Amino acid sequence: GPFNTTNKYDTLVSFHHGAVAIGAHGGAAFPPWHRVFLLMFEIALKQHIPGVSLLFWDSTIEQGIPTPHLSSIWGPTFLGNGDGNVTTGPFANWDATDGRKLTRAVQNFPHQLTTPADIQAILNKTRYEEIACGSFECMLFEEVHNKAHNYIFGQMGDLFFSPNDPTFWLHHAFFDCLWEEFRQNSQVTNISTEYPSNFGQPPHHPQALMQPFSDWVSPIRNIEGLSTLIASTYYTCDKRPACPHCGNSAYLYCDTKDNRCKPFLSSNSSGEGTSFIPAVIYCDKPIRGNKNYGVNGVYLETYGVSYKGRDQAYYFGDYYNYHNIPRSSGSYRPKYAGYFPTRRPKAGERERYKPVAYTGDGRPCKVECFKREIVGISIYGPCPSSIYINDRGARSSKRETWAKKRQAGVLAPFIDAIGKIYASFKSSSFGLSGRRPAEYFRVKCPCEVQQYTYCPTYIPSGKGCKWSPWQTWEYTQCSVSCGTGTRTKSHTRTKRYSSEYTGNCDGSSEESFTESCSDKPCVGCKWSPWQTWEYTQCSVLCGTGTRTKSHTRTKLYSSEYTGSCDGSSEESFTESCSDRPCVGCRWNRWSSWKYTECSVTCGSGTRTKSHTRTERYSSEYAGSCEGSSEESFTEHCYDQPCV
């Protein structure tokens with residue numbers, strides 16, 4: 001494989017690495033690339049266990065319950081625990097290619113599972129270019145798919161290493177079957193030839209070779225991934241579980257209240273899980289995010305002191321756009337506010353842990369822990385050697401405060417569900433009832449340009465505030481498809497803090513206005529004549545191969561027309577092509593010399609003489625035609641004396 005892996009599974013994982021899978025994400029080739037990837041994985045499975053079939057995970061089933069992280073799918077019978085390092089189930093203590101054990105942090109981002117509305121939004125479309133293309137507004141299929149990656153986190157939340165988690169294959173098998181359901185039941189154009197003209201970057205071109213498959217396995221083009229042979233010859237998809245029988249599964253039941261199949265809950269849901277502890281993190285230089293899989297870049301980890309295991313999360317905030325702002329100072333040191341995950345204590349017990357933070361490329365970051373609260377403001381400082389959190393039921397009897405040091409360590413505040421970080425404060429955080437929230441609560445950006453949702457007028461001590469320039473206007477879609485409608489344009493700006501500033505950043509961080517828009521006249525439509533055919537290069541250098549021919553047409557609008565432009569604006573077909581026979585070659589004789597005019601009208605000048613020859617093919621010849629089909633030389637010419 002491309003990274004010198006030592007087994008088939010790790011080799012397949014390496015094929016998804018962003019350094020080599022250059023056409024796998026962010027464009028029109030996303031569905032066919034992953035279809036071929038799944039087929040390779042299933043073939044490898046069958047080599048190990050003949051007759052085995054790849055399962056799919058319908059994540060809308062877990063989405064239908066209020067505690068999806070407690071679903072039985074995250075139990076030892078199926079995928080193993082979803083909290084921290086995977087230590088139960090068939091993938092327990094699984095070694096990943098990123099140097100860690102297989103790890104998960106399900107529910108880190110709540111409401112990130114696929115919903116029935118997401119599925120219907122895809123199936124409501126009628127063209128491939130409406131669900132997969134090279135622009136964000138039509139990447140519906142890939143964007144909906146991203147949600148489960150964010151929800152599971154761990155390796156699944158890392159674009160380069162997500163196939164390390166076997167859940168990857170089950171998740172992508174589901175979306176591949178969803179794509180096929182769209183193709184068979186919704187798509188009105190030719191499912192094996194329609195490919196968006198807005199395909200994205202060059203690796204997503206219909207004729208581009210899928211990488212790294214074409215380098216390491218067998219050449220295959222993106223357009224070939226749309227072939228109907230794949231989903232009819234090699235595999236078929238079962239129907240998604242539905243009420244009343246829910247696929248006759250012993251692990252699902254039909255909830256008649258909303259007519260949805262739902263999972264039974266895991267038996268180990270008695271207070272175990274993940275809690276989240278606020279902290280401040282300093283790193284040596286800015287960290288960029290990964291826009292394909294959402295938030296990424298700063299890893300926040302806790303190592304158990306009173307328990308075995310390691311929990312990991314990513315920085316909870318949107319700092320990707322922030323780091324597109326140029327920094328004039330080379331000594332700038334970014335400061336983040338995040339939440340560390342640790343094991344939730346059982347009733348009447350406590351858990352001790354040690355926090356660490358580092359960047360995506362392994363550079364350590366400094367962590368400051370909560371120290372105390374002064375007039376409603378949280379104070380952070382160096383972390384003590386021993387930190388613990390208590391179960392809520394135990395706290396009221398011991399009457400411990402956040403900053404009070406005890407022999408067992410320092411008691412820290414925590415939030416018992418990541419969703420509550422973004423919820424109302426009174427019902428979410430432990431230890432601050434009736435007080436003002438910490439200034440780092442519900443942070444959206446790094447501290448230097450924070451936009452606080454609770455106390456928006458807060459300015460760090462010793463610093464003034466200055467607004468950044470307004471960003472470029474962003475526009476919503478016109479309210480009508482023809483004629484004159486309305487749209488909203490908006491732009492934003494962010495706060496910048498510095499000891500050199502004296503202002504307070506009055507005003508709003510966002511402006512929006514409604515304006516009229518004219519999309520196209522509400523008239524009839526008529527297609528223009530088809531353009532001349534365009535042909536791709538023949539697939540072979542000699543003999544009979546294939547090529548694609550395509551042509552386009554455009555919509556013409558006029559008050560004289562009454563019809564609508566149904567059908568496609570592009571047609572493409574595959575046809576046979578014969579470039580030249582696969583036989584021997586011999587050159588014909590050179591043609592007579594041809595001369596250009598002399599460079600001067602009198603005196604001595606120069607001229608060019610050239611001749612050509614052509615190739616002759618025959619089964620009687622064994623050689624190849626080396627050399628050029630044309631020769632040219634420059635020579636002296638004498639026209640007449642200049643007198």
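Predicted model: local features only at pLDDT ≥ 70, side-chain atom pairs only at ≥ 80, totals over all residues.

Tutor: Sorted by class, the contact of H4 with H6 holds six nonpolar residues, no polar ones and one charged residue. Helix H4 covers residues 116-123 and helix H6 covers residues 167-185; their axes come within 9 Å and cross at roughly 40°. That angle makes H4 oblique to H6.

Now the disulfides. A disulfide is a covalent bond between the sulfur atoms of two cysteines. With sulfur pairs counted within 2.5 Å, the model has ten disulfides.

One of them joins Cys 133 and Cys 138, with the sulfur atoms 1.6 Å apart. The torsion about its S-S bond is about 80°, so this disulfide is right-handed. Both Cys 133 and Cys 138 are buried.

Another pairs Cys 478 with Cys 517, whose sulfur atoms are 2.0 Å apart. This link is also right-handed, with 90° about the S-S bond. The pair connects distant parts of the chain, 39 residues apart: Cys 478 sits in the loop between strands S16 and S17, and Cys 517 in strand S19. Both Cys 478 and Cys 517 are buried.

A further disulfide joins Cys 585 to Cys 625, at 1.6 Å from S to S. Here the S-S torsion is -95° and the link is left-handed. Cys 585 lies in strand S25, and Cys 625 in the loop between strands S28 and S29, 40 residues apart. Cys 585 counts as buried at 10% relative accessibility, and Cys 625 is buried with a relative accessible area of 15%.

How values were computed
Residues numbered from 1 in each chain as written. Heavy atoms only, no water. Axes fitted to C-alpha atoms, helices over the stretch in contact; angles between N-to-C directions. Helix = DSSP H or I, 4+ residues; strand = E, 2+ residues; numbered from the N terminus. Parallel < 35°, antiparallel > 145°, perpendicular 65-115°, else oblique. Nonpolar A, V, L, I, M, F, W, Y, C, P; charged D, E, K, R; others polar. Buried < 20%, exposed > 50% of the residue type's maximum accessible area, 1.4 Å probe, protein only.
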